[in-house]
Amino acid sequence: SKATVSVLYCIMYHGALVVLIGIYVCGWITLRSGKRDDKKDDSAKGGNGQFRGFQRNYLLVYGLVMFSDWLKGPYVYALYDSYGFTKKDIAELFVAGFLSSMICGTYCGAISDKHGRKLMCLVFCLTYMISALTKLVPNYWVLMFGRVLAGIATSLLTTTFEAWMVSEHRSRGYAANLLDNTFAWATQINGLVAVLAGMAASTVADMYGFVAPFVLAVLPLLVIIAVIMCSWGENFGNRSVSPVARGYELLKSSSHLMWLGLAQSCFEAAMFTWVFLWTPAISTPQTKASLPYGVIFASFMTCIMVGSLVFEVSTLTPVPQLPYVLHGVPALTSLIPIVLPDNKELVFGSFLLFECMCGLFFPTYASLRAQHIPEESRAAISNFFRFPMNFLVVVFLFTGAQKDNTSGFTLLFFTHLAGLYCYYRFSKSSLTTKAASSPIL
């Protein structure tokens, strides 16, 4: 019966979450116990205590930023729908955010490099707060303004905080290999706060309505402002020339950076498009009203944390080799909903594996950006990378992703293959660049 099927699926999803949490906890304990006696590298540059203090400060800010961001994510569509907007109106609001990020994002990074990353982190907080508060007004144009602000804020979120941390890390003389540790911790914290934010958002939404998570998101942003103003110093990129012009010239003259950006954009475009596809892919007419979507979401976020642990464990594998896995595996998982769409258990399993790859993707590409992007134009170039990503998402939302799941996942399959090819070209180009810059003895 319909009720029996729903109960069985609920048991499966709850059981999967328990198992995934168990895997993560066991892996985390094993990894940490293996590192207790290996702290020499931490103290080699700058002192273990000084670095850990700096790292904890950044991770506190990063965790609160992502907690605020995740609070709003699950209920954007539901809120717009509750205000009586049509699917066409909602699609336009969503696309506005991606277009805003695509058009304005490049200049946000340039302004960060030129006028200060700390300053722009504070601007992010104010922009995101205003964007969240526009959700209180059920007016199309007010909400459209909020989506434009959200697109700008997202560009700042994904580049400015990282650019500040990398620059500060280097200026303090900490060992370069410790950056990978910070990136891995950031990914784990991102997954953890996503689970907590989902639970908090669900609780306040049940109590006060769909707009409540957006109001709650303002509180951690206020804490972030206080922490940044009290404990962060300012740092800049290259202020002598236009960061946009500098970033553009670097991409033109450094083909390996262009291929790196395209590979990253392909993965992220597929990831953001997947967000619109996973719900109908795992539901059926009998189960769509009763599936525990919050538990499923928590399972995905736990997989991201598992993926970040894999990054830490994979220290024996050079970071430049990991993207071949994290582009290739998602291409294969995209085939499951195409070939076996009615096998919801296998589709769910393929999604869990894809989320593990997302957990591996974040620290891997953060490490690659830190290695290859020049410090003086870091934020500007990172935002150049987001332009093709946003463009692809807008195209996908207006084409195959809106038609049916088969068309959508076919797009994802070819996008991941394109990302694999772009990374292969980056790998070859970066080797050529190193060889050309090496002195002849």
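**Exercise 1. A salt bridge**

Task: With which residue does Glu162 form a salt bridge, and how far apart are the closest N and O atoms?

Solution. 
Step 1. The structure is a predicted model. Within it, Glu162 pairs with Arg369, and the closest N and O atoms are 2.6 Å apart.
Step 2. Check the surroundings of each partner. Buried means under 20% relative accessible area. Glu162 has 11% relative accessibility, so Glu162 counts as buried. Arg369 has a relative accessible area of 10% and is therefore buried.

**Exercise 2. The other pair**

Task: How many salt bridges does a search of the whole structure find? Which side chain meets Glu168 in a salt bridge? Is Arg172 buried or partly exposed?

Solution. 
Step 1. The search of the whole structure gives two salt bridges.
Step 2. The side chain of Glu168 meets that of Arg172, with an N to O distance of 3.3 Å.
Step 3. Arg172 has a relative accessible area of 38%, so Arg172 is partly exposed. Glu168 has 11% and is buried.
Step 4. In general, side chains of opposite charge can pair when their charged atoms come close.

**Exercise 3. The nonpolar cores**

Task: Which residues touch the most other members of the largest nonpolar core? Which helix supplies the largest share of this core?

Solution. 
Step 1. The largest nonpolar core has 62 residues, and Phe124 and Phe161 touch the most other members.
Step 2. List the helices that each supply at least two residues of this core: α3, α4, α5, α6, α7, α8, α10 and α17. The largest share, eleven residues, comes from α7.
Step 3. Look at Phe124. Leaving aside neighbours within four places in sequence, Phe124 is in contact with Val65, Ala153, Leu156, Leu157, Phe161 and Leu221.
Step 4. Another core, of 58 residues, lies apart from the largest one; among its members are Leu17, Leu309, Phe348 and Tyr423.
Step 5. In soluble globular proteins, nonpolar side chains tend to be buried together.

**Exercise 4. A surface patch**

Task: Which residues make a nonpolar surface patch of about 330 Å²? Where is Val25 placed?

Solution. 
Step 1. The patch is made by Ile21, Val25, Trp28 and Ile29.
Step 2. Val25 is in helix α1, which covers residues 2-34.
Step 3. The relative accessible area of Val25 is 38%, so Val25 is partly exposed.

**Exercise 5. The chain as a whole**

Task: How many helices and strands does the protein chain have? What percentage of its residues count as buried?

Solution. 
Step 1. There are 20 helices and zero strands in the protein chain.
Step 2. Of its 441 residues, 54% count as buried.
Step 3. The accessible surface comes to about 19,100 Å², and 69% of this belongs to carbon and sulfur atoms.
Step 4. Of the contacts with a separation of 6 or more, 86% are between residues 24 or more positions apart.

**Exercise 6. Confidence**

Task: What is the mean pLDDT of the protein chain?

Solution. 
Step 1. The mean pLDDT is 81, and 83% of the residues reach 70 or more.
Step 2. Over residues 40-46 pLDDT stays under 50, and the model has twelve contacts beyond four places in sequence for them. Over residues 435-441 pLDDT also stays under 50, with zero such contacts.

Key
Residues numbered from 1 in each chain as written. Predicted model: local features only at pLDDT ≥ 70, side-chain atom pairs only at ≥ 80, totals over all residues. Heavy atoms only, no water. pLDDT = per-residue confidence, 0-100. Contact = heavy atoms within 4.5 Å. Core = buried A, V, L, I, M, F, W, Y, C linked by side-chain atoms within 4.5 Å. Buried < 20%, exposed > 50% of the residue type's maximum accessible area, 1.4 Å probe, protein only. Helix = DSSP H or I, 4+ residues; strand = E, 2+ residues; numbered from the N terminus. Patch = residues over 30% accessible without salt bridge, like charges linked within 9 Å, V, L, I, M, F, W, Y side chains within 5 Å. Areas by Shrake-Rupley, 256 points an atom, 1.4 Å probe, with all protein chains shown as cover. Salt bridge = Lys/Arg side-chain N within 4 Å of Asp/Glu carboxyl O.
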